[in-house]
Amino acid sequence: MARIINEPSRTFGEYLFDPNQKEGHYRPENVNLRTPLVKHRKREDPSLFLNIPLVSACMQAVSGPELASALARCGGLSFIFQSQSIEDQVAMIRRVKGSKAGFVVSTSNLRPENTITDVLELHEKTGHSTIPITHDGTGAGYLLGILTEHDWKFEENRGRPVSEVMTKIEDVIFGPAGISLHEANSLLKKYKKSCLPIIDNEGNLQSLVFWKDLMSHLDNPDELLDVEKRLVVGAGINTWDYQDRVPALIAAGADVLCVDSANGFTDHQKDVIRWIKREFGNSVKVGGGNVVSARGFKFLAGAGADFIKVGIGGGSICITREQKGIGKGQATALMEVVEARDEIFHRTGIYIPVCSDGAIVYPVHVAMALALGADFVMMGGWFARFREAPGRLIMDGGNYYKEYWGEATNKARNFSRYDVAPDKKGLFVFEEGVEGRVPFAGDLKDGVRDALAKIRATMCDCGALDIREFREEAVIQLASPLAIAEGGANVIVNKNIFSGK
């Protein structure tokens, strides 16, 4: 007979917070949401962290390069989806790493004999409008001049050589090799330039510094950057081609990896994590999952996972519980895993961050996950609504929507995530996800700002100014269905009933 657990599993929407009173002034603007991303020893800082506790899922409809860049500027992280060729995933990683930097190695360069036609073709291919002109057309050649959009945009003679329209080196303001980023930005301000080339003593181009990058940092004080001032980005990997995919992603600049698997409690995932640690040591960080039990958590912790994802069947487009009966209420799963995480920490002094993946509908569910012990949350459908997500924008009945589909659908055909082979027609034998659309929510930055405002307000009402204090101070009570319903708007049939409209 199967082992029966009679206690029902619970999800976030079944609980409510009790307000806490503490001495001092608890205000949302004073809340610090910084949180560890990877495991670390007691009293040591993690090598990777998040400035906000939000990451986007490894999904085709969610984590493309545009959303990854936008979320990193807000302080969170995206995992670029792995259900594509290695070359395409690598290109996406490189695009994110190149979209914000301090000293940028130039990848759009021309020789002086190139023409305006070559400029237009390069601009269409890369989107870059500032083009260094070097003697050999490389990013490390002898710098002869700089071509900006003002030089070529209105040039009617497409066959004209760029040497005739560029700003020649004797008129270019540049910085010497070894200059600090602060000094480079000061030169940009002083001379009112949009780009500052950095050249060595022989006149060879080393890098570029852009004014827009400085302004981006000022506009996004929480942005998540690496030591080279580039945006931080993660990458999903699978249990099939990881020996080829992982080295390529690391070479492209991926900061952290995540095994994208529906069920992480398998030898397949253990083999992947151990192989990465054996080949790359602790320099490459990799998360595992998904699990819903203490047993699953301890299994992946023993394999060497740097963080562990919790949740099966709770995603907005997931029907795994319908199709296979596999899963557990997210709150119960999280509480069980967190208890195991804390036991390991007290016993060994090693802290392994927990990511709550799924069952997030409202910002209060993020707050509940954090209070129950999660270090950060992963979301799919919530991010799929924004302009930067890869799904198409559709208008229907006067309203805008974004396309959204699960990785276990035949649209995604992400067989590697589910450790299955397609049938003779190249389809899943049965699907564990659905296709649909979600209401369009505008720009990601605005959505994240509003969600974080609600999370910070909840934390203040519970007497906490950071995630660790929130976890220690929050008082949570199981609520009846009627108590939950009582908290919504009721009775009113017209919101303008008292306005005279």
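How far apart do the end C-alpha atoms of residues 166-224 lie, and what share of the span is helix and what share strand? Good morning. Before I answer, please note that we are looking at a predicted model. The end C-alpha atoms of residues 166-224 are 35 Å apart, and the span is 34% helix and 25% strand. In UniProt, an unreviewed entry lists these residues, 166-224, as "domain: CBS".

Helix 8 covers residues 267-280 and helix 9 covers residues 294-303. Their axes are 9 Å apart, and the helices pack at an angle of about 30°. Angles under 35 degrees count as roughly parallel, so helix 8 is roughly parallel to helix 9. The crossing of this pair is right-handed. On the helix 8 side, the contact involves Asp-267, Gln-269, Lys-270, Ile-273 and Arg-274; these meet Phe-299, Leu-300, Gly-302 and Ala-303 of helix 9. Sorted by class, this contact has 4 nonpolar, 2 polar and 3 charged residues.

Helix 9 also packs with helix 11, residues 330-348. Here the angle is about 45° and the axes are 8 Å apart. Helix 9 and helix 11 are therefore oblique to each other. Their crossing is right-handed. Helix 9 contributes Ala-294, Phe-297, Lys-298 and Ala-301 to the contact, while helix 11 contributes Glu-336, Val-337, Ala-340, Arg-341, Glu-343 and Ile-344. By class, the contact of helix 9 with helix 11 has 6 nonpolar residues, 4 charged residues and no polar ones.

Thank you for your attention.

Technical notes
Residues are numbered from 1 along each chain as its sequence is written. This is a predicted model: local features need pLDDT of at least 70, side-chain atom pairs count only at pLDDT 80 or more; totals for chains, interfaces and linings use all residues. Side-chain values use heavy atoms; hydrogens and water are left out. Axes are lines fitted to C-alpha atoms, for helices over the stretch in contact, and angles run from 0 to 180 degrees between N-to-C directions. Helices (H or I, at least four residues) and strands (E, at least two) are DSSP runs, numbered from the N terminus. Angles under 35 degrees count as roughly parallel, over 145 as roughly antiparallel, 65 to 115 as roughly perpendicular and the rest as oblique. A crossing is left-handed if the near helix is turned anticlockwise from the far one by less than a right angle, and right-handed if clockwise. Contact means heavy atoms within 4.5 Å. Ala, Val, Leu, Ile, Met, Phe, Trp, Tyr, Cys and Pro count as nonpolar, Asp, Glu, Lys and Arg as charged, and the others, Gly among them, as polar. UniProt positions are given in the numbering used here, feature names are shortened, and annotations may be inferred rather than shown by experiment.
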